[in-house]
Amino acid sequence: MAKICLDAGHGGSDPGACGYGRKEKDDVLKVVKRVGTLLKEKGHSIYYTRTNDIYESPTQKAKEANSAGVVFFASFHRN
């Protein structure tokens, strides 16, 4: 099975798209955690760029994923 990096976009002081009382950073974090659970059930190894409300630059996230030896990197966003 594959080692997959799931990136919940934005985070910390960067909320992403906002509207109707919702923030992109919160919505995508929930989705990433759920997708990670589903992929783990299929036998994949999951690396998360974040599991709480922090901000890291896209460059930092890519460096961490590369260091972790992932095969796939998926960044989640919503507008």
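The model is predicted. The chain holds two helices and five strands, which run β-β-β-α-β-α-β from the N terminus on. Of its 79 residues, 33% count as buried.

**Overall dimensions and surface**

- The radius of gyration of the chain is 12 Å, which agrees with the value near 12 Å for a compact globule of 79 residues.
- Along the principal axes, the C-alpha atoms occupy a box of roughly 40 × 25 × 20 Å.
- The accessible surface comes to about 4900 Å², and carbon and sulfur atoms account for 54% of that area.
- Contacts between residues at least 6 apart in sequence were classed by separation, and 68% of them join residues at least 24 apart.
- The side chains include 13 positive and 9 negative ones, with the centres of the two sets 4 Å apart.

**Helix H1 and its cover**

- Helix H1 comprises residues 24-41.
- Its 18 residues should span 26 Å at 1.5 Å a residue, and the distance of 26 Å between its end C-alpha atoms agrees with this.
- The buried residues of H1 are Glu 24, Lys 25, Asp 27, Val 28, Leu 29, Val 32 and Gly 36.
- An α-helix has 3.6 residues a turn, so residues three or four places apart point the same way.
- Strands E1, E3, E4 (45-48) and E5 are included in what covers the buried residues of H1.
- Gly 43 follows H1 and has a positive phi, near 100°.

**Val 32 in H1**

- Val 32 is a residue of helix H1.
- Its relative accessibility is 0%, so Val 32 counts as buried.
- Apart from neighbours within four places in sequence, Val 32 is in contact with Leu 6, Asp 7, Ala 8, Tyr 48 and Phe 76.
- Val 32 and His 44 are 12 residues apart along the chain, and their C-alpha atoms are separated by 14 Å.

**Asp 27 and Arg 78**

- Asp 27 also belongs to helix H1, whereas Arg 78 is in the segment after E5.
- Asp 27 counts as buried because its relative accessibility is 14%, and the cut-off for buried is under 20%.
- Arg 78 has 22% relative accessibility and therefore counts as partly exposed.
- When residues up to four places away in sequence are not counted, Asp 27 touches Arg 22 and Arg 78.
- With neighbours within four places left aside, Arg 78 is in contact with Ala 17, Arg 22, Lys 23, Glu 24, Asp 27 and Val 28.

**Loop residues with positive phi**

- His 10 is in the loop between strand E1 (3-8) and strand E2 (18-19).
- Although His 10 is not a glycine, its phi is positive, at about 65°.
- His 10 counts as buried because its relative accessibility is 19%, and the cut-off is under 20%.
- Tyr 20 is placed in the loop between E2 and strand E3 (22-23).
- Phi of Tyr 20 is also positive, near 55°, and Tyr 20 is a residue other than glycine.
- Tyr 20 has a relative accessible area of 89% and is therefore exposed.

- Helix H2 comprises residues 58-68 and contains Ala 62.
- Ala 62 is partly exposed, with a relative accessible area of 32%.
- The C-alpha atoms of Ala 62 and Gly 19 are separated by 28 Å, and the two residues are 43 apart along the chain.
- Asn 79 lies in the segment after strand E5 (72-76).
- With 87% relative accessibility, Asn 79 counts as exposed.
- Asn 79 and Gly 19 are 60 residues apart in sequence, and their C-alpha atoms are 9.2 Å apart in space.

Notes:
Residues are numbered from 1 along each chain as its sequence is written. This is a predicted model: local features need pLDDT of at least 70, side-chain atom pairs count only at pLDDT 80 or more; totals for chains, interfaces and linings use all residues. Side-chain values use heavy atoms; hydrogens and water are left out. Helices (H or I, at least four residues) and strands (E, at least two) are DSSP runs, numbered from the N terminus. Buried means under 20% relative accessible area, exposed over 50%, partly exposed in between (1.4 Å probe, protein chains only). Contact means heavy atoms within 4.5 Å. The expected span of a helix is 1.5 Å times one less than its number of residues. The radius of gyration is taken over C-alpha atoms; the globule rule is 2.2 Å times the number of residues to the power 0.38. Accessible areas come from the Shrake-Rupley method with a 1.4 Å probe; for residues, only the protein chains shown count as cover. Lys and Arg count as positive and Asp and Glu as negative; His and the chain ends are not counted. The place of a charge is taken as NZ of Lys, CZ of Arg, CG of Asp or CD of Glu.
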